Amino acid sequence: MAHYDVFNGDADGIISLVQLRLSEPRKSELVTGRKRDIKLLGRVEAGEGDSVTVLDISMRSNAEDLGRILSAGASVFYVDHHNASNMAEHSNLSAIIDTSPEMCTAMLVDDYLGGAHRAWAVTAAFGDNFPKLAKRKAEGLALKLDRLERLGMLVNYNGYGGSIDDLLYHPADLYHELAAFDTPMDFLNENKAVFDALEAGYEADLLKASHADVIDQTETGHIITLPDSAGSRRISGVYGNQLAQDNPKRAHAILTAQDGGYLVSIRAPLNNRTGADALALQFETGGGRSAAAGINHLPEADLGRFIQAFRAAY
Ligand SMILES: [Mn+2]
């Protein structure tokens, strides 16, 4: 009888499992990937008597494989805050799903465990970009929030890349590094090597990105290109968020060079979070939300058309 721990490779997913396994230690097979690798249940072959814990990946995106695993006789414990669509019902499924806008999986796990590892949950909430939730849950506790915020951000940064090889740490390895400590404060004090490696990688990637070429620049929008490198792919999302925070009236597009064109990440201005999806959808491989969207591959030949469409949108 095998147990599988299936979790998103970002801060929320990794730290959800840290909390759960500190309270309920269990020998398990870890199934995880990049932040964008969300169809993780497809990799699980569980059968009669096996058990599966699923953390921080959408039930909608994994519905088919969830059905397959339940039908095969395995039992599933599922905790998540993404859109679940029609939640499966099954006697072997126990699910905690809460899609409220100010919620993350690690905080649902915190509720489930009665706040047993609150400082870890707070770290994850920072990492998943819920600073208000993190601070509210930290009230009355003597925690160094700036340190936990930095750790959460760095664990989240580690999840981004074009492939698993781009990542500084495989998320399963990073899980093991964190899970060895009862609290994030212990980790910060006693495993400085890992924290320093994440921080050095982040700072170096950010410095390179800050020297990127601005290929189009108006009062209301900037288009930036990053070279074809692992560092660009790690930092582009976090860098786009930072540019947006620093220039709330401006829209941004980050174009990371890849074979024959670009991977495009679009951020609407923070003070008018609309239009990114409509812009992206004018291109064949575009998609996303109104505030943040992207194009998986913009051919070099379409660059001029993209600049015009970006200017028209913003
Ligand atoms: Mn999350």
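My notes start with the whole chain and then turn to one residue.

**Entry 1, the whole chain.** I am working with a predicted model. I counted elements and found 12 helices and 11 strands in the protein chain. I then checked the radius of gyration, which is 20 Å and close to the 20 Å that the globule rule gives for 314 residues, so the chain is as compact as a globular protein of that length. Along the principal axes, the C-alpha atoms fill a box of roughly 55 × 45 × 35 Å.

I looked up burial next: 52% of the 314 residues count as buried. The protein chain exposes about 14,200 Å², and carbon and sulfur atoms supply 47% of that area. For contacts with a separation of 6 or more, I noted that 62% join residues 24 or more positions apart.

I looked at 29 positive and 43 negative charges, and their mean positions lie 4 Å apart.

I picked aspartate 110, which I found in helix H3, residues 105–112. Is aspartate 110 buried or exposed? Its relative accessibility is 0%, and buried means under 20%, so aspartate 110 counts as buried.

I then asked which residues aspartate 110 is in contact with, leaving aside neighbours within four places in sequence. My list reads Gln19, Gly115, Ala116, His117, Arg118 and Ala121. For alanine 121 I also noted the spacing: it sits 11 residues from aspartate 110 in sequence and 6.2 Å away in space, C-alpha to C-alpha.

Methods: Residues numbered from 1 in each chain as written. Predicted model: local features only at pLDDT ≥ 70, side-chain atom pairs only at ≥ 80, totals over all residues. Heavy atoms only, no water. Helix = DSSP H or I, 4+ residues; strand = E, 2+ residues; numbered from the N terminus. Rg over C-alpha atoms; globule rule 2.2 N^0.38 Å. Buried < 20%, exposed > 50% of the residue type's maximum accessible area, 1.4 Å probe, protein only. Contact = heavy atoms within 4.5 Å. Areas by Shrake-Rupley, 256 points an atom, 1.4 Å probe, with all protein chains shown as cover. Lys, Arg positive; Asp, Glu negative; His and termini not counted. Charge placed at Lys NZ, Arg CZ, Asp CG, Glu CD.
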